[in-house]
Amino acid sequence: MSLINETIYGTRMDQREVEIEICLAYPPKVTTRGLLAYRHGIDVLDYSVPRLQLQMVVIYVLTQILHSLLKNVGLPLFISQILAGIILGPTFFGDELYLFNISEESVAVLGTVGGFGILFYLFLCGVKTDLSLTFHSGMKAMYIGILTVIVPIISCLITISIRQGGVDLILGKTFFLATTYAGTSFPVIHYLLTELRILNSELGRLGLAAALVGDMVTLVVTMIGMWLKIWIQQGTEQVLLDIGLAMLAVVIAAFVLRPAMKWMVKKAHETGHIKDVHIYVIVVAFMLSPWLVVQFHLQAKYGPIILGLAVPDGPPLGSALVEKLDPITTELLLPLFLTTCGMRFNLSNIKEPSQFTKDHAVGATVTLAIKFGVSWVLAMFCEMSIRDSLAFSLIMISKGIVEIASYSTMNDMTIIPNDMFCFLTIMVILVSSIVPILVKKLYDPSKYLCFKKRSIMNTKLNQELRMIGCIHPTEIMLNRSYSENVIIAFNEFQRSFWKAVSVKVFTAVSPPDLMYGDICKLAVDRFTSFIILPFHRRWCIDGSIESEDHSIRNMNFYILERAPCSVGILLDVRRNLKSFTVKDKSSSSHNSSYYNIAVIFMGGQDDREALALAKRISQDESVGLTVIHIKASNSLDTFRAENDRVLDEEMLNDIKESVKLTYLEEHVNDGIETSNFLRSIVEDYQLIIAGRRYKCEDPQTLGLGEWCEFQEIGIIGDLLQSSGFVGNYFLLIVQQQQQRRSA
């Protein structure tokens, strides 16, 4: 029986010393003989273990029921867990005693078990965090991460100061609370991006990098505010001691814990696996970390975070810890914590809010709006479309588990009153519910299109050109020897062109319908400008079809639609026996290693991209480049956009003025004349490059579109691969990067 009127649902994380008188019965009742105890008039709910088990069952069942209803509208699981706590809390049951409020001992046991959930969650967030991302995030992510925290904090302080009439911002609670309203949480945004499956998109990568920077800025600003308060209240000596202890904790983590973790990783490489004793040592260190960091005058929650950051992310150690601890954390302990957070909520507390709550409610709302606006403006400066900018801004203001844990802890520590906790809980629930739904509407995760221009045209001639060449086995040959032969071939190619070519080989085994995702993600990761894909059909020398893989064709369509850069499809059209009897016209004046390349140019962005690629190839002295400009007779192409015509002329002028390159013009009236002309010149070249020009039928191709069999290579590509063309050449069809349209 408790001697206090207010029931506390503790997470056992508070550090504030509050004198509370509670009467507990000793020895504590822990276990019973089960249902047989009822025969002797014993209530099993008086015992902590069966009571905790029943509480857990009720929480999990109610959570799953709510989630099965809410997941269809896109709400995350932790919303269902918080709502389950609200349903089981005083909002529905009032102040009556019930399953979760039988005694203070019942509350303490449930709160303690749930408290382990948030501590494990923070530890695993630290394990999954790659701090090197902060240093390699780029200036855009750096600016976004800093400004989306600093500007909202200043706005919040100004708003609350005006409403409260110049209250002391440092000595009071305002500065500390402002950092919680405006702060960016890396674990929350990582969780959101993972749930939306856009973690590897360029939007997700920018958001993740900005979130990590913002989280670091939030931590630094919070610590500075705390030290300023100590300096004002206790003097310079105390604040210097606290700063020194904090720095010492960081040094220990960096130069003691981190090397120890790396030693474990080294041992794992020697033995082939992580020893169980190493896992046990880390878990024991985790259990001690909250108490240890308190000795360094830091908040207890920083202990698991610092220890987690000291663990090298990824295999073997980081992934082993996540594999062993993540299920018990996310499925068992964390739901209990979030439910106990929801049980603090009492709707009756906000019927008559205090002036303090009203002021901070306005401040928190203004902060959220300012953070959204700053994120949107900065995203527009990054040349995102309006839809992507709005999606990015929503991601940056998202709230989640970390925020609800902070507000619950502050409520335990009496930093915020009950009515304000209820308002902040409502804000977290609303933001966490609306953000994923709107982001799904605004952003298409199936597209990997970039906000930067990643095309050959936008790469300078003397600049590195990053390309991805895709190789697929024609049969079921996904074995080690096949992969090794491919790697050996590429390594030999690199040695043959030493200092001119750098080759990195990647091997991936994917389902055919998901193969495009691996290629597009790799293109994003490697900042690629050009992807070369194989055509799905191969011919024998006599012209018959050797193989045809429709899964590769589907993959090509997916990549053409979603690629983050320009794309080329390479066809081997050397399939006619008589093509080998045709005399190579270049052999009389050049040696056998000389290559004739032709570009079929009709105008448009794809043709300009093809010409840009050919100009790069022509820098090799063993290559002769001929640009064949097929024009419509009698000015039939005057309907083309003026901008396209200007850009075409600019590129062609460079070709006309070049001494090394050859420029030819051919005037035609329709597609038949174009076909006849191309049939007459294909024997002269070993490689023909043309633009895809999808859904672009000009007078030069009039009448050919209805006979096009393979839309992925366009009208000209389909014409040049047809059986009516005799030659010994390769065909490369190019599509320029598709930029997203501003909405």
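These legends describe close-up views of a predicted model.

**View 1. The eight-stranded sheet.** The sheet is open, its eight strands lie in the order β1-β2-β5-β10-β9-β6-β7-β8, and the pairing is mixed. At its edges stand β1 (467–469) and β8 (662–668). Each of these two has a single partner strand, so one side of each lacks a neighbour in the sheet. From one strand to the next, the twist averages 20°.

View 2. Strand β2 (residues 530–534) and strand β5 (residues 566–572) run parallel and are joined by five bridges. Within this pair, Ile-532 of β2 stands opposite Gly-568 in β5. Helix α20 (residues 550–562) packs on the sheet and touches β2, β5 and β10 (730–735). The direction of α20 makes about 160° with that of β2. Helix α21 (residues 605–617) also packs on the sheet. The strands touched by α21 are β2, β5, β6 (595–601), β7 (623–632), β9 (687–691) and β10. The direction of α21 makes about 145° with that of β9.

**View 3. Strand β9 and its cover.** Five of the five residues of β9 are buried, so this strand is largely enclosed by the rest of the structure. Both faces of β9 are covered. On one side lie Leu-687, Ile-689 and Gly-691, and on the other Ile-688 and Ala-690, all of them buried.

**View 4. Strand β9 between β6 and β10.** In the sheet order, β9 stands between β10 and β6. With β6, strand β9 pairs in the parallel sense over four bridges. Val-599 stands opposite Ile-689 in β9. With β10, strand β9 is joined by five bridges, and these two strands also run parallel. Ile-689 stands opposite Leu-732 in β10. The chain passes from β9 through helix α24 (residues 714–720) to β10, in a β-α-β crossover that is right-handed.

View 5. Arg-537 belongs to strand β3 (residues 537–539). Its relative accessible area is 14%, so Arg-537 is buried, the cut-off being under 20%. The side chain of Arg-537 makes a polar contact with the side chain of Glu-548, at 2.8 Å. With neighbours within four places in sequence left aside, Arg-537 is in contact with Ile-545, Ser-547, Glu-548, Glu-709 and Phe-710.

How values were computed
Residues numbered from 1 in each chain as written. Predicted model: local features only at pLDDT ≥ 70, side-chain atom pairs only at ≥ 80, totals over all residues. Heavy atoms only, no water. Pairing = 2+ DSSP bridges. Axes fitted to C-alpha atoms, helices over the stretch in contact; angles between N-to-C directions. Contact = heavy atoms within 4.5 Å. Buried < 20%, exposed > 50% of the residue type's maximum accessible area, 1.4 Å probe, protein only. Polar contact = N/O pair within 3.5 Å; in protein donor to acceptor, adjacent residues only side chain to side chain. Right-handed = clockwise from strand over helix to strand, strands pointing away.
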